[in-house]
Amino acid sequence: MISRRDFLQVGMAASAIVGASGFGNWARLAAQQSLTQDQLLQFDTYGNVSLIHVTDIHAQLKPIYFREPSVNIGVGANKGAVPHITGADFRKAYGIADGSPSHYALSAGDFSSLAKGYGRVGGLDRVATVINAIRADRPDAILLDGGDTWHGSYTCYHTQGQDMVNVMNALKPDAMTFHWEFTLGSDRVAEIVENLPFAALGQNIFDAEWDEPAELFPPYTFFERGGAKVAVIGQAFPYMPIANPGWMFPEYSFGIRDEHMQKMVDEVRSQGADCVVVLSHNGFDVDKKMATVVKGIDVILSGHTHDALPEPVVSGSTIIVPSGSNGKFVSRVDLDVRDGKMMGYRHKLIPIFSDIITPDADVANLIDAQRAPYETAMREVIGQTDSLLYRRGNFNGSWDDLICDALLSERDAQIALSPGVRWGPSLIPGQDITREDIWNVTSMSYGEAYRSEMTGEFLKIVLEDVADNIFNPDPYYQQGGDMVRTGGLGYRIDISKPQGERISNMTLLKTGETIDPSKSYVVAGWASVNEGTEGPKIWDVVESHIRKQGTVTVQENNSVDVVGV
Amino acid sequence: MQLTRRDLLVMGSVGMGATLMGALPAIASLTDDEIAKITGGADVSEGDLAITAPEIAENGNTVPIEVTAPGAVMVAIFADGNPVPNVASVKFGPMNPSRSASTRIRLAKTQNVVAIAQMEDGSFQKATSNVKVTIGGCGG
């Protein structure tokens, strides 16, 4: 009989072995210029159960560039812990050589030059090849989609998610959970979910009126694999009606509901589950805390905060596996499940280098068919960029700087506000900016760009409130996004302070004057969660701005002074 | 476009009760006063009494809460940031199979929901749960 303690050692030993043979080798292989599809897929099949995890694809059917963040600050107990280390510190922590494929895939720094060498990442036709290869090793591998799948592109917007549904169905997932899907509106979500050929899970998706589990979304499902009974429990994004427009799905209530999660874990165990997997859209730090609060979870497949880590993080007797975003990674987790217990695991985060992995022909054709009616419109070149355009970072990204500039000039505002979302691919210097590229970073069902007046006092309340959604030391109060991006407005933030005391030195950048709490300012922004917001669509605002610029150059943004780290 | 406080869309989010901040500094002590009326100043300990409430309210106007108080004869619930903190008090008889109650309450702003239970032996237990009231945000 293997004790819990033994299991952990087995698990960690298994991880270390794969870490050496799988992950750590990318760097060396690439140095020899010999990175091949076989090496990316190499995996010594282990145990009796295989999980395949994809998450936060944000409707990216085709290969893209995606720069990971250089600023991702952890607070409270997560200060300095992964995924809150970036760049050279991240590479040092995992033994990743500078300039290696791992460097390019997993961390920021020298992104533009590495992107030219290593090429684009992702593409669901390449993801299909990887999934098929894993299924060739283990035909009954369980494919789990962590959600944020039916949102984020020109075709996804125009088909109301149907393009993604069609392509994902071809990959044959076994279960899924949700976040941005709900911004299609609850009628559309119900229409799709009722016809899904796999389980739509969410133990925390409740009927808002009766505060009881919503019938459309079962909490869990079982899989019999390799003589073991595996339970998969879904956990949707907890703060959907707060971070996104609740009026689009008023029938539903969410929340972390960890008491209910415990109840579900106990329930599946009592029904004979040998292994409990949570398919989560909590975000990494929330998952890490939940693993300490809820007893009996073996694996958390973690999504929402878009983190990609080359090894699972172990919390108690739970392993947490975050698998990145935008189709850039696929995680494979093999488990040895015996005698009602998970005895060990082997894991590999597989980067989807699009020039190395051969596209699956059938899925490639299916993707092209989804895109065909829109290709002409999507391919139109609006301008060029001299700068790297990226989104990820706690306080700003160059894409958002450009969007804020567009709001300031096109909407004739003093201050611009842009939401701190984490989706949206990058463009490297010298690239054309197409209409599709603009939609990739702006597409949503509530994209109206409003123009209004706000007092200085009110602006401070906004900044304080959003800052507490990111830097509250208790992960359960974090919503998983980044700071609202500001244009025309500079400020200082002390992340160590409580809500109401973090923001100071608010400055109108154009004149250098201090923001007056009692004075009104003209503010333009987008992605209001409020019903009835009016204004042109943000993608049209950005397109008009870029067209006038011709070639865009984004200066380094030093308008946020961060202290208390 | 006229922007109301409720509009604070942005990705913003704003404390719904921002206008109340600091306006009623005696609120916490109002709750303490009400608790003292129940306990008569007796010691209050932690026990099995538990409050289930969301960490962040989806709608501050209707926040679902549940109190579970094994062995209690009475539970009183307070919202320490509301102008009037008293929410409800529930009595349990010997025939009650479970000593729990759930309801929905309105919370003016981020605050503590406090429960005081009187146990069968006459002792008192207390539980507190902080509920954040906010609007908006920008999840990844």
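This briefing covers the domains, sheets and helices of chain A and the strands of chain B.

The model is predicted: local features need pLDDT of at least 70, side-chain atom pairs count only at pLDDT 80 or more, and totals for chains, interfaces and linings use all residues. Residues are numbered from 1 along each chain as its sequence is written, and chains are lettered from A and ligands numbered from 1 in the order in which they are written. Helices (H or I, at least four residues) and strands (E, at least two) are DSSP runs, numbered from the N terminus.

**Domains of chain A**

- Chain A is assigned domain 1 (4–368) and domain 2 (380–563). Such bounds come from an automatic or database domain assignment.
- The centres of domain 1 and domain 2 of chain A, taken over C-alpha atoms, are 28 Å apart.
- Domain 1 of chain A puts 45 residues into the contact, and domain 2 of chain A puts in 33 residues. Two residues are in contact if their C-beta atoms, placed from the backbone, lie within 7 Å.
- On the domain 1 side of chain A, helix 6 (111–118), helix 8 (154–158), helix 11 (240–243) and helix 13 (284–293) each supply at least two residues.
- That side of domain 1 of chain A has 21 nonpolar, 18 polar and 6 charged residues. Here Ala, Val, Leu, Ile, Met, Phe, Trp, Tyr, Cys and Pro count as nonpolar, Asp, Glu, Lys and Arg as charged, and the others, Gly among them, as polar.

**Helix 7 of chain A**

- Helix 7 (residues 124–137) of chain A has 14 residues. From first C-alpha to last, helix 7 of chain A reaches 20 Å, close to the 20 Å expected at 1.5 Å a residue. The expected span is 1.5 Å times one less than the number of residues.
- In helix 7 of chain A, 10 of the 14 residues are buried, so the helix is largely enclosed by the rest of the structure. A residue is buried if 20 or more other C-beta atoms lie within 10 Å of its own, exposed if 12 or fewer, and partly exposed in between, with C-beta atoms placed from the backbone.
- The buried residues of helix 7 of chain A include Asp125(A), Arg126(A), Val130(A) and Ile134(A).

**The six-stranded sheet of chain A**

- An open sheet of 6 strands in chain A has the order 4-3-2-1-14-15, with mixed pairing. Two strands pair if DSSP finds at least two bridges between them.
- Strand 4 (199–200) and strand 15 (341–351) of chain A are the edge strands, and each pairs on one side only.
- Strand 3 (residues 175–176) and strand 4 of chain A pair in the parallel sense over 2 bridges. Ala175(A) has Ala199(A) as its bridge partner in strand 4 of chain A.

- In chain A, 4 strands form an open sheet in the order 19-24-17-20, and the pairing is mixed.
- Strand 19 (449–455) and strand 20 (485–487) of chain A each have a single partner strand, so one side of each is left without a neighbour in the sheet.
- Neighbouring strands of this sheet are turned by 25° against each other on average, direction ignored.
- Strand 19 of chain A runs antiparallel to strand 24 (residues 520–526) of chain A, joined by 7 bridges. Ala449(A) has Trp526(A) as its bridge partner in strand 24 of chain A.
- Helix 18 (residues 456–471) of chain A packs on the sheet, touching strand 19 and strand 24 of chain A. The direction of helix 18 of chain A makes about 115° with that of strand 19 of chain A. Axes are lines fitted to C-alpha atoms, for helices over the stretch in contact, and angles run from 0 to 180 degrees between N-to-C directions.
- Helix 16 (residues 398–410) of chain A lies across strand 17 (415–418), strand 19, strand 20 and strand 24 of chain A, at about 45° to strand 20 of chain A.
- Asn469(A) lies in helix 18 of chain A. Asn469(A) is buried, with 30 other C-beta atoms within 10 Å.

**Chain B**

- Chain B has 1 helix and 9 strands. Of its 140 residues, 45% count as buried.
- In strand 5 (residues 72–79) of chain B, 6 of the 8 residues are buried, so the strand is largely enclosed by the rest of the structure.
- Strand 5 of chain B runs antiparallel to strand 8 (residues 111–119) of chain B, with 7 bridges. Ala79(B) has Val113(B) as its bridge partner in strand 8 of chain B.
- Strand 5 of chain B is also antiparallel to strand 6 (residues 86–91) of chain B, with 5 bridges. A hairpin through 6 residues joins strand 5 to strand 6 of chain B.
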